[in-house]
Amino acid sequence: MHYSGFRVIKEALTGHRGWGPAWRDATPKSHYDYVIIGGGGHGLATAYYLAKQFQQSNIAVIEKGWIGGGNVGRNTTIIRSNYLLDGNEPFYEFSLQLWEGLEQELNYNAMVSQRGIINLIHSDGQRDAFIRRGNAMILNGADAELLTTEQIVARYPFLNVNNARFPIKGGLAQHRGGTVRHDAVAWGYARGADKYGVDIIQNCEVTGFQIKNGVCTGVETTRGFIGAKKVASCVAGSSSRVMGMAGIRLPIESHVLQAFVSEGLKPLLPGVITFGAGHFYCSQSDKGGLVFGGDIDGYNSYAQRGNLPVVEDVCEGGMAIFPNLGRARLLRMWGGVMDMSMDGSPIIDRTHIDGLYFNGGWCYGGFKATPASGFAYAHLLATDTPHKTATAYRLDRFAKGGMIDEKGVGNQPNLH
Amino acid sequence: MIINHPILGPRDAAEFVYKGDASLINRPDWQADDAAERFHEYGYLRDNSAGLHRELWFHEQGDRSWLVVTRDTTTHEITKVELARDVARAEGRSR
């Protein structure tokens, strides 16, 4: 069914009896050409592009719980492509371009809002670093603009520009960045994939892999064995658990990242503000809540909930730069489990087991990467070669010295 | 989280810095024939277990000792705290 304004009016006049389910609740077949493990944003996007762009068929997405119930439902919805390194920036810019056409592509309202993102600058050294990053972005086809303090104050008059420790000395803006309705991304890709015949199988947990003579031929699940020519893991947050069943140790630690939302307020924040020096960033949802977050808690966790010291730290950072935040009450907070990789960058690659592929290590930047991750992973699955924007995301880069370390902090996952 | 320090008693985890898997105590022999491969595993690969996890915490805002904490990564419950020094000695790492 095609969604449109006309359709909404027609359904409104006929008692909304014509809406069908957006995707089928499929039961698993005994064999597929492709089995994608993980019905999150990345897994569903992979299935969609595999079916549509690369014209493959006989595809299943299997999901332990319900689709979109993991990190695509737990993030702070920001999209941007403001990276420095050559291994990253073309990929994230490709992703932002896919976001720009996503709603027409999927015929689904994902509420893509290019309201702009500003990274605040507090010192001469930081300005130099941000200018360098802005130039790298422009060289890779992205947009970037260096803003003065006055330009920032004109847009955000309530920011504390004279903080004693971190006075605001300008900012690096990416006007094409913004926010997207996160759940709608999962639902839109699910509906799109379903339209091309992908089986979306929920409540189906992988319990093991069938591997014979170094070839993966299927997965054991709670709903029985499912054979497959190619098995693609796409379960960031639980990557080590799933790949561990295939005997693969990963360069990844799982960490908990908390996020917060205030009570609904009148429009206050027109775009996204990041106060990196104070470990705080914030945007305002269309419903009015201030959506904000900061650092990961910093210890291995699969608990999907964090602890109070980080709550205090994030709120202190917010109050330092954004004093009127103190007038709002915190409505909800939650945690998501991140694949923190050893260099802070993701992995999209084959494994040493034929027919078994891996996508993960997204740290806390997975949401913005959803379209390009799906596209690049589908490219890899269909052609067995990496997509041109994802050639650096190799699993063996830690052994070969090809790390993509944006911050240059080394193999300490909780510092990325 | 409260870490029950073997010497100082219960302390807030915020006083500590987290390092990672306690296997980092077992630094490979740099003269071994397969040292490059062992150091790759040591530096980059992790079990990353869901459940009981032995991990290193440094008491930076306290007595600056290193601890080996056994903690459940699915509940954050801490079940055992040892001085890393004792653990390393028991494994023959230090004399």
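1. Read along the sequence, chain B runs β-β-β-α-β-β-β-α. That makes two helices and six strands in chain B. Helices here are DSSP runs of H or I with at least four residues, strands are runs of E with at least two, and both are numbered from the N terminus.

2. A word on the basis. This is a predicted model, in which local features need pLDDT of at least 70 and side-chain atom pairs count only at pLDDT 80 or more, while totals for chains, interfaces and linings use all residues. Residues are numbered from 1 along each chain as its sequence is written, chains are lettered from A and ligands numbered from 1 in the order in which they are written, and side-chain values use heavy atoms, with hydrogens and water left out.

3. Dimensions of chain B. Its C-alpha trace spans about 45 × 30 × 20 Å along the principal axes. The accessible surface of chain B is about 5300 Å², and carbon and sulfur atoms hold 48% of that. Such areas come from the Shrake-Rupley method with a 1.4 Å probe; for residues, only the protein chains shown count as cover.

4. Packing of chain B. Of its 95 residues, 45% count as buried. Buried means under 20% relative accessible area, exposed means over 50%, and partly exposed lies in between (1.4 Å probe, protein chains only). Among contacts in chain B with a separation of 6 or more, 47% join residues 24 or more positions apart. A contact means heavy atoms within 4.5 Å.

5. Charges of chain B. There are 13 positive and 17 negative charges, and their mean positions are 5 Å apart. Lys and Arg count as positive, Asp and Glu as negative; His and the chain ends are not counted. Each charge is placed at NZ of Lys, CZ of Arg, CG of Asp or CD of Glu.

6. The interface. In chain B, 24 residues are in contact with 25 residues of chain A. The two chains bury about 2100 Å² between them, 48% of it on carbon and sulfur atoms. B:Tyr44, B:Asn48 and B:His76 supply 32% of the area that chain B buries against chain A, more than any other three residues. Buried area is the accessible area (1.4 Å probe) that two parts lose on being put together, summed over both.

7. Salt bridges. The rule finds two across this interface. It asks for a side-chain nitrogen of Lys or Arg within 4 Å of a carboxyl oxygen of Asp or Glu. A:Glu253 forms a salt bridge with B:Arg46, with the closest N and O atoms 3.7 Å apart.

8. A:Glu11 and A:His16. A:Glu11 lies in helix α1 of chain A. It counts as buried because its relative accessibility is 2%. Beyond its neighbours within four places in sequence, A:Glu11 is in contact with A:His16, A:Arg17, A:Gly18 and A:Trp19. A:His16 sits in the loop between α1 (5–13) and β1 (31–37) of chain A. Its phi is positive, near 55 degrees, in a residue other than glycine. A:His16 is at 45% relative accessibility, so it counts as partly exposed.

9. A:Ile211 is in strand β9 (residues 206–212) of chain A. Its relative accessibility is 31%, so it counts as partly exposed. Leaving out residues up to four places away in sequence, A:Ile211 touches A:Cys216, A:Ala246 and A:Ile353. A:Asn213 falls in the loop between β9 and β10 (215–221). Its phi is positive, about 50 degrees, although it is not a glycine. A:Asn213 is exposed because its relative accessible area is 81%.
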